[in-house]
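Morning, everyone. Have the sequence and the structure open, and I'll talk you through a few spots worth looking at.

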Number of protein chains: 2
Amino acid sequence: MLLVALPGELLVKIVIAFGGNALLETTDSRDYATQVKRAYRAFDAIWKIISMEDVVITHGNGPQVGDILLRNQISDSLPPPMPLDTCGAMSQGLIGQIMLEAYERVRNEKGISKEAVVTVTRSIVDPEDKAFLEPTKPVGAVFSDEKARELVNNNGWKMSKTEKGWRRVVPSPFPMEIVERNVILSQLRSGFLPICTGGGGIPVIRKNKTLLGVEAVIDKDLASSVLASSIEADKLAILTDVKNVFINFGKPDQKALSQITMEEGKDYLSKGFFGKGSMEPKVRAALRFIEKGGKEAVIGSLSDALNVLSGKSGTRFVKS
Amino acid sequence: MLLVALPGELLVKIVIAFGGNALLETTDSRDYATQVKRAYRAFDAIWKIISMEDVVITHGNGPQVGDILLRNQISDSLPPPMPLDTCGAMSQGLIGQIMLEAYERVRNEKGISKEAVVTVTRSIVDPEDKAFLEPTKPVGAVFSDEKARELVNNNGWKMSKTEKGWRRVVPSPFPMEIVERNVILSQLRSGFLPICTGGGGIPVIRKNKTLLGVEAVIDKDLASSVLASSIEADKLAILTDVKNVFINFGKPDQKALSQITMEEGKDYLSKGFFGKGSMEPKVRAALRFIEKGGKEAVIGSLSDALNVLSGKSGTRFVKS
């Protein structure tokens, strides 16, 4: 037995979810150097918080796993393609290196002692989740009619016709539990900066005495919210490329919101005021965190991160 | 301040390096399910040690990073190829998921409480390492004369002619330091099973206030040895597909060795008694661990792991 100081005590515990633009702007080349540059900008925007509080970083993987999928099945002469969930695992390694390189630079420039650690993270989903009955998320390459038919017959894929051609559609089930929750909490207690839950985590189901990967994608903001609740974080911050949550965004009557209560949020959601697949899942993630006992969730611009985190800008979610 | 029991105290600290056959036999299909089956067999062979002592698992990535490289640059219509070191990072995510799935099954079958954690791991190399002057390790696809010339001119690759055609050759520098050493030690102290240093770690150099990835490969046994020394492990175990270290392996006068002292080992190495690129780096890794103060290193068969670990079979390395 030793007397040990837990660095995590008394600090504010914050889960910060980096939006897609933290790693890539839509017009960016998707080469390695560009992604490191973007990640550097992201860490540079929040380094003060990292140095002062107990921060966990989570991130998406959309463009990266898309690229891995494009390479995965381009030729029958290649080695066996990996399942979608395993491509997600590969993207955690890929983005992990990018984040580590970017953070290391900020760390050295600012003289931060805290070390970052990238953990391969899994999210448990329910095999009975109704998302498995109706896959809706398009992933990977565009295929011709003929190839699409072949993939449906041989691989059992569900395909959907888009403007450019056929694409595979996969389910996006709810992340019930982050498997690495204890690991992440332990890293925080030991004074590290956990970088985890990449792409919402590798989706797994409990079966045959193990956790089996399933071909699905997970919403990274929802997974971040579930993680934040499970480690009893004080705050969930979703940093993206918009300054505020808007209702009726892009329409003449659009309105920026500086604060949303549980009741208001549920009302707005039921009226479909938020962009499906863009702001709506973020709002759901923020509201869920409050519902599960979290004190505060914020959504705002990554470039104005410190003000968003301190409540001076962006949109704040509170219980009432 | 809290009174905390450190589970790591009094236990034997062992770094176990899984050889290539732990994840794939040479005749195996390289699909996901086969790799999980192999990893299950590996964890099943050592579960008792995992449940009783402070174990760290390391592993190679040869076939896996080879497959990622084949997919990386097969077509110019694909997104920008990732650097070799980043393909290594991807393989850490890939193999990480495989190892987690396999360990989770063994864990549930045997009722082990210890959780595994896969950490993206980097190894610092010296940019002045003479390996950079003379790249020797062939990686990735085989190219035609014309394509090889193009890659030399456009990408600055070094190429080497093999029986099948041209292949890229890359340096294999010495891993001076495992960046995630503190993280791994902290995981051990908190009672986790660290799975790390995949493929010898992502090679990085210190430059411009950061750690930059470099295109190289690292010997996983050497990296495991460096890690083992740096966390002051009691034992380094290199588990592979041969029962013993042999001198003159495959020749009429081959001889299995049950014990090798520092002095003997150096003598054998200087006489070139071990297979280059196969047993020699393993012997070097074992000897280095002893030289740096480690008590014992063992090399032996994964299928007989418990006997190798207890010194009943395999080859034992000791100071004198």
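Let's start in helix α5 of chain A, residues 181-189, where A:V183, A:I184, A:L185, A:S186, A:Q187 and A:L188 are buried. Just past α5(A) you'll find A:G191, with a positive phi of about 90°. Keep in mind that this is a predicted model.

Next, salt bridges. How many does the structure hold over all chains? There are 42 salt bridges. I'll pick out a few.

Go to helix α3 of chain A, residues 84-110. Here A:R107 and A:E104 meet through their side chains in a salt bridge, 2.9 Å from N to O. The two are three residues apart in that helix, so about one helical turn separates them.

Now hop over to chain B. In helix α3 of chain B, B:R105 and B:E109 are four residues apart, about one turn of the helix. They form a salt bridge, with the closest N and O atoms 3.1 Å apart.

A:R206 pairs with A:E177, and their closest N and O atoms are 3.9 Å apart. A:R206 sits in strand β11 of chain A, residues 202-207, and A:E177 in strand β9, residues 177-178, so this pair ties together parts that are 29 residues apart in sequence. A:R206 is exposed, with a relative accessible area of 53%, while A:E177, at 39%, counts as partly exposed.

On to where the two chains meet. On chain B, 60 residues are in contact with 60 residues of chain A. Between them the chains bury about 5300 Å², and 64% of that is on carbon and sulfur atoms. Two salt bridges are counted between chain B and chain A. Take a look at A:R122 and B:E104, whose side chains meet in a salt bridge at 3.6 Å, N to O.

The largest share comes from α3(B), with 13 residues. By class, that side of chain B has 30 nonpolar, 16 polar and 14 charged residues.

Last stop, the aromatics. There are 12 aromatic pairs over all chains. One of them is B:F246 with B:F249, a tilted pair at 5.1 Å centre to centre, with 55° between the planes. B:F246 counts as buried at 18% relative accessibility, whereas B:F249, at 53%, counts as exposed. Over in chain A, ring pairs link A:F18, A:F43 and A:Y103 into a cluster.

Note on methods:
Residues numbered from 1 in each chain as written. Chains lettered and ligands numbered in written order. Predicted model: local features only at pLDDT ≥ 70, side-chain atom pairs only at ≥ 80, totals over all residues. Heavy atoms only, no water. Contact = heavy atoms within 4.5 Å. Buried area = accessible area lost by both parts, 1.4 Å probe. Salt bridge = Lys/Arg side-chain N within 4 Å of Asp/Glu carboxyl O. Nonpolar A, V, L, I, M, F, W, Y, C, P; charged D, E, K, R; others polar. Phe/Tyr/Trp six-rings, centres within 6.5 Å; stacked < 30°, edge-to-face > 60°. Buried < 20%, exposed > 50% of the residue type's maximum accessible area, 1.4 Å probe, protein only.
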